[in-house]
Every structure is written in structure tokens, then in C-alpha cells.
Amino acid sequence: MSIKEKKTADSVMKSAGILVFTTLISSLLGYARNIIIPALFGKGIESDAYFAAFTIPDYVYTLLVGGALSAAFIPVFSSYLAKNEDKEGHRMASTIITLVSLIAAALCAAGIIFTPELVRLLVKFEEEAFDLTVMLTRIMFGQCFFMCLTGLSQGILQSYKRFTPPAIGGICYNLCIIFGGVLISQVLGLGIAGFSLAVVLGAVVNLFIQVPFVIRQGFKFKPVLDMKHEGVKKFFRLLVPVLIGQSVMEINLIVNQRFASGLEEGTVTLMKQAQTVIQLPIRIFAMQIALSVFPTLTGFFANEKKKEFVDTFSGCLRTVLFIIIPIAAGMISLRVPLIRVMYKTGKFGEEDVQALAYLLMIYTIGITAYSVREVMIRGFYATKNTDTPVAINIFIMLLNSLLSFLLVKPLGVTGLALAYVIAGFTSMTLLTVFFRRSVGSIQGRRILQSLFKTGISAAVMSLVLMALTPLFEGIFRDGSKVAQLIELMILFIAGVSVYFVMAYLLKTPELTDFVAFIKKKFLKRS
């Protein structure tokens with residue numbers, strides 16, 4: 001590896017580290033946000049209505065802010081910056097901002113008017129829960145407008161390789177929901193509606209935290225609508241397929257929720273909690289690592305550096321697998337103590353813990369598939385091939401809907417989780433096959449060798465955890481929250497230790513590369 005290639009790899013790893021760390025903090029706050037609701041309001045109508053109503057802003061946040069807007073915007077805007085054509089880039093970005101503002105405002109207004117019809121598509125609640133969901137959804141529509149603008153500001157900052165400000169905004173977004181929600185709902189006495197108002201407040205704060213950083217980069221906004229601008233045309237050519245590609249996981253979850261809302265009371269809450277947990281590692285690690293590599297992959301492909309492109313893509317995929325597989329194995333092995341620490345509080349009792357832990361086990365099987373999918377999708381986008389993932393993703397959405405319909409009656413909520421998992425593995429397989437056909441070799445042998453070593457290490461770790469967990473259950477199960485946390489931390493440290501020891505003994509390259517990077521940074525600072 002040349003000096004230039006090493007610098008590129010170090011830069012990517014540093015960016016990935018920043019994104020992973022800040023996203024971890026934001027996600028932990030998101031988790032805290034989600035456990036406060038059932039703790040305050042129990043597992044019933046109010047929590048079901050809130051989580052159902054939160055589907056729309058959560059979908060907008062994940063789809064636009066977390067993926068589609070920036071994925072379509074960054075390649076176009078970055079090309080102007082690379083050519084020192086900042087003025088044209090600013091005009092293109094200003095047009096997009098102006099247009100998105102108008103469209104978002106119109107869609108939010110339409111959404112508020114037609115909220116009952118929209119809610120009927122999402123859930124099958126009885127009258128009381130339905131009316132409450134409609135009210136909460138209308139309040140939260142205000143969030144969607146600000147989140148669209150946040151997605152664009154994030155794209156501008158990431159084009160300038162500024163990853164930290166958007167991450168700070170995401171952290172503040174969740175902090176506003178937590179503290180603002182508790183204040184408005186409990187202190188001001190507005191109940192569950194207080195948390196919906198706090199969601200809007202969080203979106204406003206998120207945007208206005210990022211705006212000063214955008215200005216500092218020298219970006220100059222002008223309210224223009226230059227629809228003939230070539231950059232604007234390129235943006236919209238990329239946006240539609242990217243939207244479809246990014247929406248698959250979220251639409252699959254919405255389909256699950258639709259069917260779950262017809263089951264017994266509290267099912268939507270349980271499903272939402274399980275989905276929240278499994279999406280944490282996907283969003284924290286897979287999405288952020290893929291995002292950090294995306295600009296580099298795009299550059300290599302544009303400059304016809306095929307070897308560097310394949311090396312970077314393969315390394316990204318192997319890194320994601322090295323991180324995600326042990327996480328999935330650990331979550332399955334420690335599902336009960338994990339859920340007990342995360343959710344057992346207030347009106348959420350031991351029976352609910354067991355039910356949620358079982359559902360989490362099923363969903364967790366699909367974590368690896370959806371993580372690999374994130375890398376594959378970015379690979380397609382870097383090669384400007386959007387048609388193939390669009391076709392595959394439409395098929396996956398139809399498959400998930402069909403499987404949910406077939407499995408919900410005989411298996412209930414378990415069938416819905418299985419449908420999501422099967423759809424994920426099918427998506428991963430199809431994307432991998434067609435991407436390999438598109439670019440040729442993706443160093444499949446290296447990936448399989450790494451996967452084999454990672455799988456063995458994770459399997460040994462899982463066996464150790466399953467042997468240790470019963471020993472601690474008798475001591476900590478009915479203890480305080482601190483005692484439960486101590487149990488989980490002991491098991492977590494044991495699992496991580498076993499995994500890394502096995503990876504070291506098997507000489508897994510991802511571990512040795514990471515250790516070398518840490519040593520370099522440490523020695524450099526010393």
C-alpha cells in the first residue's frame with residue numbers, strides 16, 4: 001500500500017470513527033427516549049398511539065436525513081467543490097434548498113389535512129387509539145419540514161468533510177425529545193401529546209445547530225429556482241432511485257406495524273421496541289461505516305481506479321461483518337438481561353421483558369443481512385448504477401408484504417419478524433450477486449475467509465455467554481437496576497474478551513488492521 005493509499009485509508013477510518021461514536025451517543029439517547037414512554041404511560045393505548053404516530057417523522061428522519069437527500073446531494077455538490085466551481089455549486093444547492101422547502105411545506109400541509117386516511121394505512125386501531133394517533137401524527141408533521149432542510153444542510157457539511165456538526169445536531173434532537181417531552185407532558189400536564197410537541201422542538205434545534213457551521217464553510221444561500229441547472233437535474237436523477245433504495249428497511253418495518261396493529265393490545269409497542277434495538281447496530285456501525293467510505297468509493301470509480309475501488313469496498317464489507325456478526329450473536333445470547341436493563345421499569349414488567357426478548361431474538365437474525373445491504377447499496381450508488389437496486393428493492397418490498405400476510409395469522413407477531421428477516425437475507429443475496437456481476441471481482445475469497453474466522457470467533461463467544469448467563473441470572477435477575485447493569489456489563493466484557501482473543505488467535509486481518517491504526521495514532525500523539 002502506497003503512502004497516499006495509507007493516508008486515504010486512515011482518513012476513512014478516522015471519519016468512520018467520528019460517525020460511529022457520535023451516532024452511538026445519539027442512538028443511546030434515542031433508546032432512552034423510547035423506554036421513557038412505556039415507563040411513564042405503560043404498554044397500552046397511549047404508548048401504541050405515540051409509537052404509531054412517530055412512524056412518519058422517524059421514517060422521514062431515517063430516509064431523508066440519514067440517507068436519501070445526502071446520498072443524492074453529496075456526489076453532485078462535491079463535484080463542483082472538487083473543480084473549484086463553488087459559485088455554481090452554491091447556486092445548485094440554493095435551488096435544491098428552495099425547492100425542497102416548498103415541496104416539504106406543501107406535503108406537510110397535505111399530510112395534516114389527510115392524517116386520518118394516512119393513519120388508516122399505518123394501523124388498525126380501535127376508535128380511541130385511532131383518534132389519539134391522528135392527533136399525535138398531526139402535531140409531529142411539523143417535524144418533517146425541518147428534517148428535510150436538515151438533510152440538505154447535512155449533505156453540504158459532509159461534502160466539506162465536516163461530519164461532526166450533523167452528529168451533534170442528532171444528539172441534541174434526541175435530548176430535546178427526552179427532556180422537552182418529560183417537561184411538557186408531566187410538568188405542563190399535556191400527557192403523551194407533550195412528547196409529540198418535543199419531537200418538533202428537537203427537529204428545529206437540530207437544524208439551527210447545523211446552520212452556523214454551514215455558513216462558516218463559506219456557503220452562500222440565495223432563494224433561486226434554476227430548474228435548468230445541470231446540477232439540479234443530476235440531483236433529481238439520483239434522488240428517486242436513492243429514495244426507493246433507502247426506504248426498503250423502513251417500509252418493511254411499516255408493513256410489519258400495519259399487520260401488528262391488528263393483533264392484541266401492546267403488540268405495536270413490543271414490536272417497535274424490538275425494531276429499535278436491532279436498528280441500533282445497523283445505524284451506528286453499518287450505515288455510518290458505509291457513509292464514511294461512500295465519497296472515497298465515488299472518487300475511485302470516477303477516476304477509473306478499479307483496484308482501489310475494489311480494495312476499499314471489500315475492506316468496508318469485511319469491517320462491517322467483523323463488527324456486526326459478534327453484535328448479533330451477543331444480542332441473541334444476552335437478550336434477556338439486555339432487555340431487562342433497557343426496558344424493565346415502571347409498568348414494563350418481567351412478563352413484558354420475556355416477550356420482548358423472544359421477539360428480539362427473531363429480529364436479530366436479520367441484522368447481518370440488513371448491514372451488508374447498506375454496504376452493497378453504497379457500492380451501487382458509487383458506480384452510478386441505481387436501476388438494479390431499485391428493481392431489487394421493489395421486489396423485496398412486495399416479498400415482505402406477501403410473507404407478512406401469509407405468516408401473521410398462523411404465527412402472529414413472530415411471523416411478522418420472520419417475514420422481515422427473510423426479506424433481509426433475500427435482499428442481501430440479490431444485491432451481492434448483481435453487484436459482483438456489475439463490477440467483477442469483489443475479493444470474494446478474502447471476504448469468505450474473513451467471514452469464516454469472524455463466524456468461529458462469534459460462535460465461541462456465544463457459547464461462553466450462554467454458559468455464563470444462567471449463573472448470573474440467579475444473582476441479579478430480581479435485583480436493582482444497578483445490579484442488572486452490573487450483570488450485563490460483566491457478561492459484555494466477557495463476550496468481547498473472548499471474541500477478540502479468538503480473532504487474535506485466528507489472525508483475523510480486520511483486527512490486526514485496527515490495532516495497527518490505533519498504535520499509529522497513539523504513537524503519533526506520544
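Gln443 is buried, with a relative accessible area of 14%; buried denotes under 20% relative accessible area, exposed over 50%, and partly exposed the range in between, with a 1.4 Å probe and protein chains only. This is a predicted model, in which local features need pLDDT of at least 70 and side-chain atom pairs count only at pLDDT 80 or more, whereas totals for chains, interfaces and linings use all residues. Residues are numbered from 1 along each chain as its sequence is written, and side-chain values use heavy atoms, with hydrogens and water left out.

Gln443 sits in the loop between helix 16 and helix 17 (444-476); helices are DSSP runs of H or I with at least four residues, numbered from the N terminus. The phi of Gln443 is positive, near 60 degrees, although the residue is not glycine. Most residues other than glycine have a negative phi. Lys507 also has a positive phi, of about 55 degrees, and is not a glycine either. Lys507 belongs to the loop between helix 18 (481-505) and helix 19 (509-525), and with a relative accessible area of 63% it is exposed.

## Packing of helices 7 and 8

Helix 7 (residues 164-187) packs on helix 8 (residues 193-216) at an angle of about 150 degrees, the axes being 7 Å apart. Axes here are lines fitted to C-alpha atoms over the stretch in contact, and angles run from 0 to 180 degrees between N-to-C directions. The contact of helix 7 with helix 8 comprises 18 nonpolar residues, nine polar and no charged; Ala, Val, Leu, Ile, Met, Phe, Trp, Tyr, Cys and Pro count as nonpolar, Asp, Glu, Lys and Arg as charged, and the others, Gly among them, as polar.

The 24 residues of helix 8 should span 34 Å at 1.5 Å a residue, and the end C-alpha atoms are 37 Å apart, which agrees; the expected span is 1.5 Å times one less than the number of residues. Gly218 follows helix 8 and has a positive phi, near 90 degrees.

## Aromatic pairs

Rings of Phe, Tyr and Trp (its six-membered ring) pair if their centres lie within 6.5 Å, with planes under 30 degrees apart counted as stacked, over 60 as edge-to-face and the rest as tilted. By this rule there are 16 aromatic pairs. One of them joins Tyr50 and Phe51, whose ring centres are 5.5 Å apart and whose planes stand at 70 degrees, so the pair is edge-to-face. Tyr50 and Phe51 are both buried.

Tyr370 and Tyr420 form a stacked pair, 4.4 Å centre to centre with 15 degrees between the planes. Because Tyr370 lies in helix 14 (residues 367-382) and Tyr420 in helix 16 (residues 413-439), the pair ties together parts that are 50 residues apart in sequence. Both Tyr370 and Tyr420 are buried. Ring pairs also link Phe73, Phe77, Tyr160, Phe219, Phe235 and Phe236 into a cluster.

Ile367 is in helix 14 and is buried, with a relative accessible area of 0%. The C-alpha atoms of Ile367 and Gln279 are separated by 7.8 Å, while the two residues are 88 residues apart along the chain.

Thr345 occupies the loop between helix 12 (335-343) and helix 13 (350-364), where it is partly exposed at 32% relative accessibility. Thr345 and Leu40 are 305 residues apart in sequence and 9.2 Å apart in space, C-alpha to C-alpha.

Methods: Helices (H or I, at least four residues) and strands (E, at least two) are DSSP runs, numbered from the N terminus.
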